[in-house]
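Welcome, and please open the model in your viewer. We will take a slow walk through it, one selection at a time.

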Amino acid sequence: MNSETPRLSVIVASYNALKTIEACLRSLEQQRTTQSFEVIVVDSGSDGAGKLIQKHFPLVTLCNFSKRMHCGEARNVGIRIARADLIAFLDADCVADGDWIERILSSHQASDPAIGGAIDNCNPMSFIGWAAYFCEFSRWMPGSRTQWIDDIAGANMSYKKEVFDRYGTFIKGTYCSDTEFHWRMGRTGVRLLFEPTILVSHHNIDNFKQFVRHEFIHGRSFGRVHLKAKGFSSGIRVLKVLGLPLCILRILGKILFFNFRNRIYFSRFLLTMPLILLGSISWSIGQVTGYAQGAIE
């Protein structure tokens, strides 16, 4: 995977990912490509994932930290040491499709600075896993069309490295740092390309309590990041906190829209609607909590 002059640097943010990191890195080992690429894993936590990587993946560049690093911080570390002019991000709980590398390199032959790919469900036997999948990835499901979009999924995104020279790096200490970065790009008129043939599968939360808690935390992070990006006045913040019912309707409405437009998993979507509703409520409560707490520093 390593080379003197890699064409692509793949950065994997890993936090307590012992259960999923091996499958992730095996999927990169098994890529159907003759192109050179390097893999950088920025690992944090205490579950021993770093030791597994050192033992079984000696060609991987490993940066290990004992203190937790959110995805944005971990990605920033990887960006600093990446050697290629193209950078791709893959989450540690994802498995890349066999031609993932080739698809990224082919797509980046055009001038587009940022390209995101589709997300599939890696644990389709889990009822809760389907609900978590629809709550998080409905916008980027397989079978969607190639299109311009204002946000791409952090689990499967790639950039020309010069983007970070122009827009800086990801904010630290929070979820949704990728969304904030894309807003930053969008304010200058840059469009993001969604290319569904660039495909990964995501291992979703399959525990009920973890699912509800994750939606709340993710929603709260979004609220605080949204405040940082938009600079809302105190009056607008109050209105957003009071607008919890509208927030629930908005979140649920988006999920409904994307699944009615792309019916690839429509039967499973209908079966998990009660859990999707619960996830939307939990996210929305988290989001208004974030507005109440204030912007991320």
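Some ground rules before we zoom in. This is a predicted model, in which local features need pLDDT of at least 70 and side-chain atom pairs count only at pLDDT 80 or more, while totals for chains, interfaces and linings use all residues. Residues are numbered from 1 along each chain as its sequence is written, and side-chain values use heavy atoms, with hydrogens and water left out.

**The whole chain**

Switch to cartoon view, and you will find 12 helices and nine strands. Helices (H or I, at least four residues) and strands (E, at least two) are DSSP runs, numbered from the N terminus. The C-alpha atoms fill a box of roughly 55 × 40 × 40 Å along the principal axes. For 297 residues, a compact globule would have a radius of gyration near 19 Å, and the chain agrees with its 19 Å. That radius is taken over C-alpha atoms, and the globule rule is 2.2 Å times the number of residues to the power 0.38.

How much of the chain is buried? Of the 297 residues, 56% are, where buried means under 20% relative accessible area, exposed over 50% and partly exposed in between (1.4 Å probe, protein chains only).

Next, colour by charge. There are 34 positive and 26 negative side chains, and the centres of the two sets lie 7 Å apart. Lys and Arg count as positive and Asp and Glu as negative; His and the chain ends are not counted. Each charge is placed at NZ of Lys, CZ of Arg, CG of Asp or CD of Glu.

**Stop 1**

Select Ser-44 in strand E2 (residues 37-44). Ser-44 is buried, with a relative accessible area of 1%. A polar atom of its side chain lies 3.1 Å from the backbone nitrogen of Met-69. Not counting residues up to four places away in sequence, Ser-44 touches Ser-14, Tyr-15, Asn-16, Phe-65, Lys-67, Arg-68 and Met-69; contact means heavy atoms within 4.5 Å.

Now click on Asn-16, in the loop between strand E1 (8-15) and helix H1 (21-29). Asn-16 has a positive phi of about 45° although it is not a glycine, and its 35% relative accessibility makes it partly exposed.

**Stop 1: helix H5**

Select residues 127-137. Nine of the 11 residues of helix H5 are buried, so this helix is largely enclosed by the rest of the structure. Among the buried ones are Trp-130, Tyr-133, Phe-134 and Phe-137. Show the surroundings too: the buried residues of H5 pack against strand E6 (114-121), E9, H8, helix H10 (244-261), helix H11 (266-271) and helix H12 (273-293). At the start of H5, look for a side-chain oxygen of Ser-126, which reaches to within 2.8 Å of the backbone nitrogen of Gly-129.

**Stop 2: Asn-204**

Where does Asn-204 sit? Asn-204 is in the loop between strand E9 (192-202) and helix H8 (208-230). With a relative accessible area of 2%, Asn-204 is buried. Beyond four places in sequence, its contacts include Gly-129, Ala-132, Tyr-133 and Phe-137. The Asn-204 side chain also makes a polar contact with the side chain of His-202 (2.8 Å). A polar contact is a pair of N or O atoms within 3.5 Å; within protein, one must be able to donate a hydrogen and the other to accept it, and residues adjacent in sequence count only if both atoms are side-chain atoms.

**Stop 4**

Is Arg-166 buried or exposed? This residue of helix H6 (residues 162-167) is exposed, with a relative accessible area of 59%. Its side chain makes a polar contact with the side chain of Tyr-167 (3.3 Å). Leaving aside neighbours within four places in sequence, Arg-166 is in contact with Thr-188 and Val-190.

Finish at Cys-176, in the loop between H6 and helix H7 (177-186). Cys-176 has a positive phi of about 70° although it is not a glycine, and at 7% relative accessibility it counts as buried.
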